[in-house]
Amino acid sequence: MKKVTNVFWISLALVLLAVGYGAFAPENFAEVTGNIEGFLTTTFGWYYLLIVTVMVLFCLFFLISPMGQIKLGKDTDKPEFSFGTWIAMLFSAGMGIGLVFWGAAEPLSHFAIDPATAEPGSAEAFRESMRYTFFHWGIHAWAIYGVVAMALAYFQFRKGEPGLISATLKPLFGDKMNGPLGVLVDVIAVFATAVGVATTLGFGTIQINEGLAFLIDGVPADNFTVQIIIIAVVTVLFLASAWSGLSKGIKYLSNTNMVLAIALLVLVLILGPTLLILNMFTDTLGTYLQNLVRMSFRAAPIDGENRAWIDGWTIFYWAWWISWAPFVGIFIARVSKGRTIRQFLFGVLLVPTMISFIWFAAFGTTAMNVQNNGTDLTGLLTSEVLFGVFNELPLGIILSIIAILLVSTFFITSADSATFVLGMQSTNGSLHPSNMVKLTWGISQSLIAVILLSAGGLDALQTALIIAAFPFSFIMLLMMGSFYKAMSLEYRAIKRKR
């Protein structure tokens with residue numbers, strides 16, 4: 001523990017303060033954070049729409065720019081992981097559990113409960129639901145992660161800086177990043193990571209609980225005792241994985257995730273309305289590309305009802321992805337050493353986006369088809385919708401068992417990678433944080449989740465995380481400016497040498 005920095009203690013204190021507030025005064029905490037979140041999404045919705053679009057354009061620029069040939073590492077460095085394992089690792093950390101949770105539920109909501117513009121249950125709502133789901137989980141989300149990961153990997157592996165968010169800002173602020181200003185930047189990043197993982201542990205536990213209750217008679221739904229048992233089991237598993245290191249634990253778990261995910265996806269494609277799924281994927285891909293610019297800037301300034309939908313879905317998602325950017329970005333950077341910027345952006349932007357599109361086309365179309373065929377899924381909890389869909393398909397029990405295993409392995413992988421990131425950020429960017437530091441963060445996260453589940457404070461803490469995304473968005477803008485400055489200088493130096 002000797003290498004632990006002030007970032008560790010300050011971040012831990014802030015997290016404990018937020019959790020204490022959420023645990024002992026959950027109603028007041030929810031009211032205060034809800035009011036602040038409402039103010040930010042309503043007042044700064046235009047800002048979120050603009051900056052996320054700028055991030056997409058920033059990544060696309062480097063994807064096609066001659067600067068894309070520069071490596072995220074020394075010129076002689078080779079990738080540490082194979083392409084397949086690398087994709088599995090970044091996908092598991094970045095989206096995994098969310099795809100299982102929302103795969104059927106979000107398209108169903110946009111179709112039958114709260115469409116963006118169309119009438120609920122209409123053919124137009126069917127088409128529109130898939131387009132907006134693709135939009136929320138597509139290239140915009142991965143561009144947010146890509147900006148942070150690309151800057152971190154470049155400065156850490158090519159320039160020899162510590163793997164800290166603050167280190168990426170040195171071209172703009174110089175040695176000031178080694179003092180209190182740098183500590184502030186890193187504390188914001190660690191706070192967002194710690195709170196995000198705590199909420200994920202809590203919500204993941206709830207989904208596993210609901211899935212087991214849906215499958216097994218006698219297992220109570222939304223039961224605190226069952227949830228404690230789930231957290232205890234998962235904690236032991238992800239700490240064992242974290243103890244074994246990146247090259248073993250997360251690598252093997254991520255590959256397992258992808259095998260389970262592909263198996264579940266193929267089964268749903270076969271057992272669900274196959275032709276409708278394929279047609280919806282093709283049609284929605286076209287309308288997504290056709291409407292991408294319009295959706296990216298759609299603010300509905302004079303339509304209060306549509307504006308409320310955008311605030312509740314699109315702006316919420318953009319803030320949510322930004323709040324997760326420190327954790328996912330740092331992890332993706334760590335496993336991306338040795339790839340060129342162009343290879344990196346192709347893998348981070350395009351491959352996971354297409355996987356997500358195929359996933360939502362399969363699960364979303366199947367859910368909406370079940371709804372259209374007379375089985376009302378709208379009364380189910382979000383965490384139950386997937387199991388409700390499987391209940392209407394052949395081999396539903398097998399599908400549900402695979403889904404629970406998949407949620408569990410994604411859950412363990414996310415928690416495992418988060419303990420690594422937290423350990424790295426609180427030991428001055430060490431690529432090999434001590435097991436004791438990882439153990440401390442891992443146990444802390446699980447205890448926080450238990451406290452919040454017992455007090456009902458998870459929703460409010462999730463809202464607090466969205467609030468934390470606002471200041472981090474400014475840090476991301478500075479990261480883009482700093483990265484562009486450093487890259488331009490290096491590219492000019494390379495051209496002079498030629």
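This is a predicted model: local features need pLDDT of at least 70, side-chain atom pairs count only at pLDDT 80 or more; totals for chains, interfaces and linings use all residues.
Residues are numbered from 1 along each chain as its sequence is written, and side-chain values use heavy atoms, with hydrogens and water left out.

**Overall build**

- The secondary structure of the protein chain comes to 19 helices and 0 strands, where helices (H or I, at least four residues) and strands (E, at least two) are DSSP runs numbered from the N terminus.
- Taken along the principal axes, the C-alpha atoms fill a box of roughly 65 × 50 × 45 Å.
- Of the contacts in the protein chain between residues at least 6 apart in sequence, 83% join residues at least 24 apart; a contact means heavy atoms within 4.5 Å.

**Surface and charge**

- The protein chain exposes about 18800 Å², of which carbon and sulfur atoms supply 66%, with areas from the Shrake-Rupley method and a 1.4 Å probe, and with only the protein chains shown counting as cover for residues.
- The 27 positive and 27 negative charges have mean positions 24 Å apart; Lys and Arg count as positive and Asp and Glu as negative, while His and the chain ends are not counted, and each charge is placed at NZ of Lys, CZ of Arg, CG of Asp or CD of Glu.

**Interior**

- Buried residues make up 61% of the 498 residues, where buried means under 20% relative accessible area, exposed means over 50%, and partly exposed lies in between (1.4 Å probe, protein chains only).
- The largest nonpolar core has 173 residues, and those with the most contacts inside it are Ile 165 and Phe 483; helix H14 (residues 304–334) gives the most to this core, with 18 residues.
- Such a core is a set of buried Ala, Val, Leu, Ile, Met, Phe, Trp, Tyr and Cys residues joined through side-chain atoms within 4.5 Å.
- Beyond its neighbours within four places in sequence, Phe 483 is in contact with several residues, among them Phe 58, Phe 62, Tyr 154 and Ile 341.

**The loop between H13 and H14**

- Ala 299 lies in this loop and is buried, because its relative accessible area is 17%.
- Ala 299 and Gly 45 are 254 residues apart in sequence, yet their C-alpha atoms are 7.4 Å apart in space.
- Not counting residues up to four places away in sequence, Ala 299 touches Leu 49, Arg 307 and Ile 310.
- Ala 300 lies in the loop between helix H13 (274–297) and H14, and has a positive phi of about 45 degrees although it is not a glycine.
- Most residues other than glycine have a negative phi.
- With a relative accessible area of 12%, Ala 300 is buried.

- Ser 400 has its place in helix H17 (residues 396–425) and counts as buried, because its relative accessibility is 4%.
- Leaving aside residues up to four places away in sequence, Ser 400 touches Leu 215, Phe 387 and Phe 390.
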